[in-house]
Amino acid sequence: MGLYDFDQEWFEDFLTEYPAFRVRQLMHGLYGNFLLPADIVGLPAPLRSKLSLEDKLRPTLTELARSSSDRGQTTKYLFRLHDGAQIESVLMHSPKRSTICISSQAGCAMACEFCATGDAGFKRHLSVGEIIEQVIVAARDAKKDGRRLDHIVYMGMGEPLANYNPVLASVRRLLDYVGLSARKITLSTVGIVPGIKKLSGEKLPVNLAVSLHAANDTLRSQLVPINKKYPIDMLIEACREYLEKTNRRISFEWALIKDVNDSERDALELADLALSLTPSAHVNLIPLNPTSGGEVLHFSPSPLRQIQNFYSTLSGLGVNATIRRTRGQDIDAACGQLSARISLSRRSDY
Ligand code: SAH
């Protein structure tokens, strides 16, 4: 357990000898200003030292390395957790926004064919504190650069809906104290149907992204093995229920893989699914990022021309789509490249 594993109620119990406003001040310092207890100068000195001396109230992420790309606009962090497990997160600045892409598990059990995280296997779930601390570290760094972290995407290592309770607790804590709106938080799922259904009932207007990648079961079961358990019909039904309950548009993610899922026929199938939802799904096209597993399987990114054709077919049918700009590919920080392994050729970056 670490500093960010504890909620306001816990601190109220821990600090019974102090008035309630001290706890609110502490929460504001921790989550609003990204400070450690020792640095929250508004708190009385004895309180600061009580907090700082408490073993379980220390931060738990050790930064092992960081690398940067896109002229300093993309930073990848490699952290070691208390038990030696490793995770990565990626901070991305663009002129309009600063986004942190965080991990929800160390490794991933989903084993999607084209993803480096899945390739490396599953280690363990992250605690709520370990999830939140990634945001705090990035927010603190962004602030140093005169930027304000304003978007959070659960698109790093792991499957957020397979670690449901800590992920949801982290979302709620970030909403309550960091002052972000739910619309700026995106949960991405491989398509865990019970998780989507549960999320429908949470009354949390976060964005939901579904990693679709194929619109027929034969291909999807090959690319995304969990499809055998939760096939497309079931998945779309869960999306429909989510839409009915939340009225929040869903997005579909689609990594474009040369000669695998980038044909005209694939685009037509995808358009059918996207338009079968109301409001229709937004499609995020991601040019495939290289991973070592992918090379073994001879997966390669679709050529630009094919990506443009795919996009035009979708738009021609009235499907809202965007082509996601790839960030940090040269430092293995792009979608599907996070493996928390320092590759030999890149070791000098760290
Ligand atoms: N497990 C969740 C969160 C990961 S988000 C999920 O599956 O949604 C990371 C996104 O990048 C997912 O859409 C994933 O399918 C996609 N991705 C994985 N490998 C990729 C690759 N090599 N190139 C492009 N996108 C990839």
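1. In which sense, left-handed or right-handed, does H10 pass H12? The crossing of H10 with H12 is right-handed, the term for a near helix turned clockwise from the far one by less than a right angle. Helices here are DSSP runs (H or I, at least four residues) and strands likewise (E, at least two), numbered from the N terminus.

2. This is a predicted model, in which local features need pLDDT of at least 70 and side-chain atom pairs pLDDT 80 or more, while totals for chains, interfaces and linings use all residues. Residues are numbered from 1 along each chain as its sequence is written, and side-chain values use heavy atoms, with hydrogens and water left out.

3. The axes of H10 (residues 264-275) and H12 (residues 304-316) come within 9 Å and cross at roughly 35°; axes are lines fitted to C-alpha atoms over the stretch in contact, with angles from 0 to 180 degrees between N-to-C directions. H10 contributes Glu264, Asp266, Ala267, Leu268, Leu270 and Ala271 to the contact, and H12 contributes Phe310, Thr313 and Leu314 (contact: heavy atoms within 4.5 Å). Six of these residues are nonpolar, one is polar and two are charged. The classes count Ala, Val, Leu, Ile, Met, Phe, Trp, Tyr, Cys and Pro as nonpolar, Asp, Glu, Lys and Arg as charged, and the others, Gly among them, as polar.

4. H6 (residues 164-178) and H7 (residues 193-200) have axes that come within 12 Å and cross at roughly 35°, again in a right-handed crossing. Tyr164, Asn165 and Leu168 of H6 meet Gly195, Lys198 and Leu199 of H7. This contact has three nonpolar, two polar and one charged residues.

5. The ligand has 21 residues around it, of which Phe114, Ser188, Ser211, His213 and Asn289 come nearest (near: a heavy atom within 4 Å). Strands E8 (185-189) and E10 (250-256) each supply at least two residues of this shell, which comprises ten nonpolar, nine polar and two charged residues.

6. A side-chain N or O atom of Glu253 is 3.4 Å from a ligand oxygen, and a polar backbone atom of Cys335 is 3.5 Å from a ligand nitrogen. The protein buries 96% of the 540 Å² that the ligand exposes when taken alone (Shrake-Rupley method, 1.4 Å probe).

7. Thr278 and Pro279 are joined by a cis peptide bond with omega about -10°, and Pro279 lies in the loop between H10 and strand E11 (282-287). Asp70, although not a glycine, has a positive phi of about 50°; its place is the loop between strands E1 (62-69) and E2 (74-80).

Conventions
Polar contact = N/O pair within 3.5 Å; in protein donor to acceptor, adjacent residues only side chain to side chain.
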